[in-house]
Amino acid sequence: MTGQVGERDILLIVDLQNDFCPGGGLAVPHGDEIVPLVNGLAARFAHVVLTQDWHPRGHLSFASSYPGKQPYETVDLAYGTQVLWPDHCVQGTRGAELRADLAVPHAELVLRKGYHREIDSYSAFVENDRKTATGLAGYLRERGFTRIFVAGLAFDFCVRYSAEDAHREGFKVTVVEDACRGIDVAGSMAQTRRCLAELGIPCIGAGTVG
Ligand SMILES: [Zn+2]
């Protein structure tokens, strides 16, 4: 058990957007299935933050930005290797909207990420160059939060990097694994479980929260 959810706890709901659900540009298999669980989980938290992947057209994480490249191939960008994705979560499009059935009216912040054309951002805290901060750590610290529960899409990318960076920023972190779904590119699910375990970040079920 994780104990009672309190005033210093926050639920971070990652990228529950149309494009990451079946029918979307970068569908995470069964991504839509977590919405009811996430809604129930969020109801147990006084404080919730949402993230929203939010790319300009022609973003350098899109395979379509490179002639001859296919999604899930990689390219070397200034900051290192970048997986190429199908176009997704383009600013102002329906695909970029949060799921309409996500019922979290009390969410206090919607943090957009990935808006720099040249830099992807899996993490809610630090972009993929590992230098550019989103400002979320400062926001959470200033508001006095100490423990972060993470849920959403996709488990092996944006959830993983958000959880790891939250840990590095000194927050206590727990991943609510049944309230996540993954993509699994080249063994990324197993790698995520291994990396979270190495950092001592627990993966728990939603039923044990609150
Ligand atoms: Zn993206």
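In which loop is the place of Asp184? Asp184 sits in the loop that runs between strand β7 (172-181) and helix α4 (188-198). This report, which concerns a predicted model, returns to that residue after an account of the whole protein.

## The protein as a whole

The secondary structure consists of 4 helices and 8 strands. Along the sequence, these elements follow the pattern β-α-β-β-β-β-α-β-α-β-α-β. The radius of gyration of the protein is 16 Å, close to the 17 Å that the globule rule gives for 210 residues, so the protein is as compact as a globular protein of that length. Taken along the principal axes, a box of roughly 50 × 30 × 30 Å is filled by the C-alpha atoms.

Of the 210 residues, 54% count as buried. Contacts between residues with a separation of 6 or more can also be examined: 73% of them are accounted for by residues 24 or more positions apart. The accessible surface of the protein comes to about 8900 Å², and carbon and sulfur atoms hold 52% of that area. As for charge, the protein has 20 positive and 26 negative side chains, and the centres of these two sets lie 3 Å apart.

## Residues in strands

Asp9 lies in strand β1. Its relative accessibility is 5%; residues under 20% count as buried, and therefore Asp9 is classed as buried. The side chain of Asp9 takes part in two polar contacts described here. One reaches the backbone nitrogen of Gly6 at 2.7 Å. Another, of 2.9 Å, joins the side chain of Asp9 to the side chain of Arg147.

Lys113 belongs to strand β5 (residues 109-113). Is Lys113 buried or exposed? With a relative accessible area of 1%, Lys113 is buried. A polar atom of the Lys113 side chain lies 3.0 Å from the backbone oxygen of Ser121. Leaving aside neighbours within four places in sequence, Lys113 is in contact with several residues, including Asp15, Thr51, Asp53, Trp54, Tyr122 and Cys158.

## Residues in loops

Val28 is placed in the loop between β1 (9-14) and α1 (35-42). Its relative accessible area is 0%, and Val28 is accordingly counted as buried. Although Val28 and Gly182 are 154 residues apart along the chain, their C-alpha atoms are separated by 6.2 Å. Gly182 is also one of the residues that Val28 touches, not counting residues up to four places away in sequence; among the others are Phe20, Pro22, Leu153, Ala154 and Ile183.

Two of these partners, Leu153 and Ala154, are joined by a cis peptide bond, with omega about -20 degrees. Ala154 is found in the loop between β6 (147-153) and α3 (155-168).

Most residues other than glycine have a negative phi, and most peptide bonds are trans. His30, a residue other than glycine, has a positive phi near 65 degrees. His30 lies in the loop between β1 and α1. Asp184 likewise has a positive phi, of about 65 degrees, although it is not a glycine. Both residues are partly exposed: His30 has a relative accessibility of 46%, and Asp184 has a relative accessible area of 44%.

Where does Pro67 lie? Its place is in the loop between β2 (48-53) and β3 (74-77). Residues over 50% relative accessibility count as exposed, and Pro67, at 83%, therefore belongs to that class. The C-alpha atoms of Pro67 and Pro105 are separated by 42 Å, and these residues are 38 positions apart along the chain.

## Accessibility of the selected residues

The table gathers the accessibility values of the residues discussed above.

| Residue | Relative accessible area | Class |
|---|---|---|
| Val28 | 0% | Val28: buried |
| Lys113 | 1% | Lys113: buried |
| Asp9 | 5% | Asp9: buried |
| Asp184 | 44% | Asp184: partly exposed |
| His30 | 46% | His30: partly exposed |
| Pro67 | 83% | Pro67: exposed |

Methods
Residues are numbered from 1 along each chain as its sequence is written. This is a predicted model: local features need pLDDT of at least 70, side-chain atom pairs count only at pLDDT 80 or more; totals for chains, interfaces and linings use all residues. Side-chain values use heavy atoms; hydrogens and water are left out. Helices (H or I, at least four residues) and strands (E, at least two) are DSSP runs, numbered from the N terminus. The radius of gyration is taken over C-alpha atoms; the globule rule is 2.2 Å times the number of residues to the power 0.38. Buried means under 20% relative accessible area, exposed over 50%, partly exposed in between (1.4 Å probe, protein chains only). Contact means heavy atoms within 4.5 Å. Accessible areas come from the Shrake-Rupley method with a 1.4 Å probe; for residues, only the protein chains shown count as cover. Lys and Arg count as positive and Asp and Glu as negative; His and the chain ends are not counted. The place of a charge is taken as NZ of Lys, CZ of Arg, CG of Asp or CD of Glu. A polar contact is a pair of N or O atoms within 3.5 Å; within protein, one must be able to donate a hydrogen and the other to accept it, and residues adjacent in sequence count only if both atoms are side-chain atoms.
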